[in-house]
Amino acid sequence: MGLLLKVTDFAAVLLLAAVITGLIWLWWARWARPRRGADAAEPIVVDMARAFFPVILVVFVIRSFWVEPFKIPSGSMKPTLLVGDFILVNKYTYGIRLPVINKKVIDIGDVKRGDVVVFRYPVDPSVDYIKRVVGIPGDKIAYRGKRLSVNGQAVPVQTTGYYTDAELNYTRLPTFLEKLGEKSHRMMVIASQPVVNLGEVRQFSHRDNCEYNDDGFTCTVPAGHYFMMGDNRDQSSDSRYWGFVPDDHIKGRAFLVWMNFGNFKRIFDSIE
């Protein structure tokens, strides 16, 4: 749960395509055409490279530095995000990062509690995950009795009704409005599920920052890392199970649902 997409790094593919088509175009313009004469017929491969290079370059720049699209394939972020949502992720909110190597070169803003972010899965960085930021560096996170606390303060919640989950035989699940930082969002729990399945907790970096028992867990977020959880608390594989997310794994903040072919009412919903 929480899996967004597993592909070869598409930014690397676009970069390679831009370099190849650009070099072919440059080779023809600077060296091949002058030698063959102005009337020489342009090879079809050069014609294709000249046509595709600008398009590939524009797509590469937009996806790397402005917005990147993703599709939601799982229900770990219900009721905020639904299966089939196509979302946009802001790539510059937290700073400008070099594509492919994902190294931040210009710092613009900080990751905040309550943000919905896309990041590279720490266990397998070729996979993108989406979760909500619950803890920032230095925070002490506790989750007991289905209630979240940050730095000793219980996170405010209020009941908001029920969500009917078609993927769970139309089970009605209680939903709550939870306030993290300055933001409020809907989340839901399954009362019969344990706070954390201890048998599924992995070994991970800074594991000694966490204490687990049958009642829940407490974790202190190390410097340069974040603690993530899904809004569908009891159907989410998140930091409870595989640990903290390093800052250099962050890809951007999700901000808009731009399409859902099964539910057109979702189009242009902002992501809070």
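Contact here means heavy atoms within 4.5 Å. The model is a predicted one, in which local features need pLDDT of at least 70 and side-chain atom pairs count only at pLDDT 80 or more, while totals for chains, interfaces and linings use all residues. Residues are numbered from 1 along each chain as its sequence is written, and side-chain values use heavy atoms, with hydrogens and water left out.

His185 lies in strand β13, residues 183–188; strands (E, at least two residues) and helices (H or I, at least four) are DSSP runs numbered from the N terminus. With a relative accessible area of 2%, His185 is buried, a term that means under 20%, with exposed over 50% and partly exposed in between (1.4 Å probe, protein chains only). Leaving out residues up to four places away in sequence, His185 touches Arg132, Phe176, Leu177, Glu178, Leu180, Asp231, Arg233 and Glu272. The side chains of His185 and Arg132 are also joined by a polar contact of 3.4 Å. Such a contact is a pair of N or O atoms within 3.5 Å; within protein, one must be able to donate a hydrogen and the other to accept it, and residues adjacent in sequence count only if both atoms are side-chain atoms.

The aromatic residues come next. Rings of Phe, Tyr and Trp (its six-membered ring) pair if their centres lie within 6.5 Å; planes under 30 degrees apart count as stacked, over 60 as edge-to-face and the rest as tilted. By this rule the model has 14 aromatic pairs. In one of them, the ring centres of Tyr129 and Trp242 are 5.8 Å apart and the planes stand at 85 degrees, so this pair is edge-to-face. The pair links distant parts of the chain, 113 residues apart: Tyr129 is in strand β7 (residues 127–135) and Trp242 in helix α3 (residues 239–242). Tyr129 is buried at 6% relative accessible area, and Trp242 is buried at 2%. Elsewhere, ring pairs join Tyr143, Phe204, Tyr212, Phe217, Phe227 and Phe244 into a cluster.

Charges also sit over rings, which requires NZ of Lys or CZ of Arg within 6 Å of the ring centre and within 35 degrees of the ring normal. Arg172 lies over the face of Tyr162, 4.3 Å from the ring centre. The charged end of Arg30 sits over the ring of Trp31, at 5.6 Å from its centre.

Finally, there is one disulfide, defined as a pair of cysteine sulfur atoms within 2.5 Å. Cys210 and Cys219 form it, with sulfur atoms 2.1 Å apart. The torsion about their S-S bond is about 120 degrees, so the disulfide is right-handed. Both Cys210 and Cys219 are buried.
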